[in-house]
Amino acid sequence: MEHKVTIINPPQSFVVQENETILEAAIRAGVSLNYGCSSGTCGLCKVQVSSGNVKEVKAREYVIPEAEKLQHYILACICAPQQDLVIDAAVAVTSADIPEQALSVKVRKVERLSSQVLKLLVQTPRTKRLRFLAGQYLQVSIPKFSPSYFSIASCPCEDRLIELHLRVTQNDPVSLQVADKVRLGDSIDLCGPFGDFTYDENANRPVVLFAFDTGFAAIKSLLEHITAQEQELPIHLIWMSCGEDGLYMHNLCRSWEDAFDGFTYHGVALNQSLQQLAANSQQSCATVENYLLETMHNLTDLSCHDIYVCAPEPAVEIFKKVCLQKNMLERRFFSEPVRGNEDMSCIVSLN
Ligand code: FES
């Protein structure tokens, strides 16, 4: 039997299924409760129950002080509701609410998404998860090589699984190692999360997402987080790349159109390489702008929208210019550079 959990401040609610703990349900619903070990050891997931009853369904080592027990404090990672609950809990809303963490993770999958892009799927230990907000990025280290930074491509709701998209380049030793040497079960060190390119949970406004090339990673994380919350907001996704190969998850984006009401997707594959774009910067800017104007012709008024962009700086500026022409509020425009992709540096000279 499922039960509803309501958080007092900030007001949020989620449903806990049969056999789930409060923490597991919160993570699945994209609600960022404070936690650490998720196994009853650290006490970081302590919340105060204002109404309703819970049952401890897992063992715990952490001892809740008597005074706190009397005030109805419980551990969210080991308790399941017995009826609908109202709780007082610490919820991360901005990047400032999430501490920097360092942990070693195991490689679970390396998948070639295109001729130049790899998907790296890693799993955190059961007793040390990574807390992050959708849209943030990580430092990835492999012994003996200088670290690289990559946006997280998965949603916090995936819990222990973390997805990264790596463009394999000579300039990035981590991507080369992952492409050639890293095997399933190997350990990789992560540090983070970093960055404040995160979703404004309180906005409740239609969303326009724009990704360029592997900037799709951060945008995918945001999108999966928004849809996990079942807010039913109109979402428009525009993904632009150099060549068809650059839209390396095109079919996934198209499947979201069937899965989510109010979701639209436009994939724009430019028929020029990054090098060609960079060689003629003025013409390239005009090309990108024209494609955007064409793709966004149905979005006539963006005064009610929030805009999230992960792209190289020149593409961010072009997109911003187009959005301003459509009445976008400048303070509702959020941007992030493409991480871990040295090849994109050539487009930075576009202006
Ligand atoms: S997260 Fe550590 S005790 Fe619950």
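User: What should I keep in mind about the model and the numbering?

Analyst: It's a predicted model, where local features need pLDDT of at least 70 and side-chain atom pairs count only at pLDDT 80 or more, while totals for chains, interfaces and linings use all residues. Residues are numbered from 1 along each chain as its sequence is written.

User: Why is S303 called exposed?

Analyst: Burial goes by counting other C-beta atoms (placed from the backbone) within 10 Å of a residue's own: 20 or more is buried, 12 or fewer is exposed, and in between is partly exposed. S303 has 10 such atoms within 10 Å, so it counts as exposed. You'll find S303 in the loop between α7 and β17 (306–310).

User: Which residues does S303 touch, leaving out those up to four places away in sequence?

Analyst: N327, M328 and L329. Contact here means that the C-beta atoms, placed from the backbone, lie within 7 Å.

User: What makes N19 and K144 stand out in phi?

Analyst: Phi of N19 is near 70 degrees, a positive value in a residue other than glycine. K144 is also not glycine, and its phi is near 80 degrees. N19 sits in the loop between β2 (12–16) and α1 (22–28), and K144 in the loop between β10 (137–141) and β11 (148–151). N19 is exposed because it has 8 other C-beta atoms within 10 Å; K144 has 7 C-beta neighbours inside 10 Å, so it counts as exposed.

User: How do you know that strand β9 is largely enclosed?

Analyst: Five of the seven residues of β9 (residues 117–123) are buried, so the rest of the structure largely encloses the strand. Strands are DSSP runs of E with at least two residues, helices are runs of H or I with at least four, and both are numbered from the N terminus.

User: What makes β8 and β12 partners of β9?

Analyst: Two strands pair if DSSP finds at least two bridges between them. β8 (residues 101–112) has six bridges to β9, running antiparallel, and a hairpin of four residues joins β8 to β9. β12 (residues 161–167) pairs with β9 over seven bridges, in the antiparallel sense. For individual bridges, R112 has L118 of β9 as its partner, and Q123 has L161 of β12.

User: Which strands make up the open sheet, and which are at its edges?

Analyst: The order is β16-β15-β14-β17-β18, with parallel pairing. The edges are β16 (263–270) and β18 (333–336), since each pairs on one side only. β14 (residues 207–212) and β15 (residues 235–242) are joined by six bridges, one of which pairs V208 with H236 of β15.

Conventions
Two residues are in contact if their C-beta atoms, placed from the backbone, lie within 7 Å.
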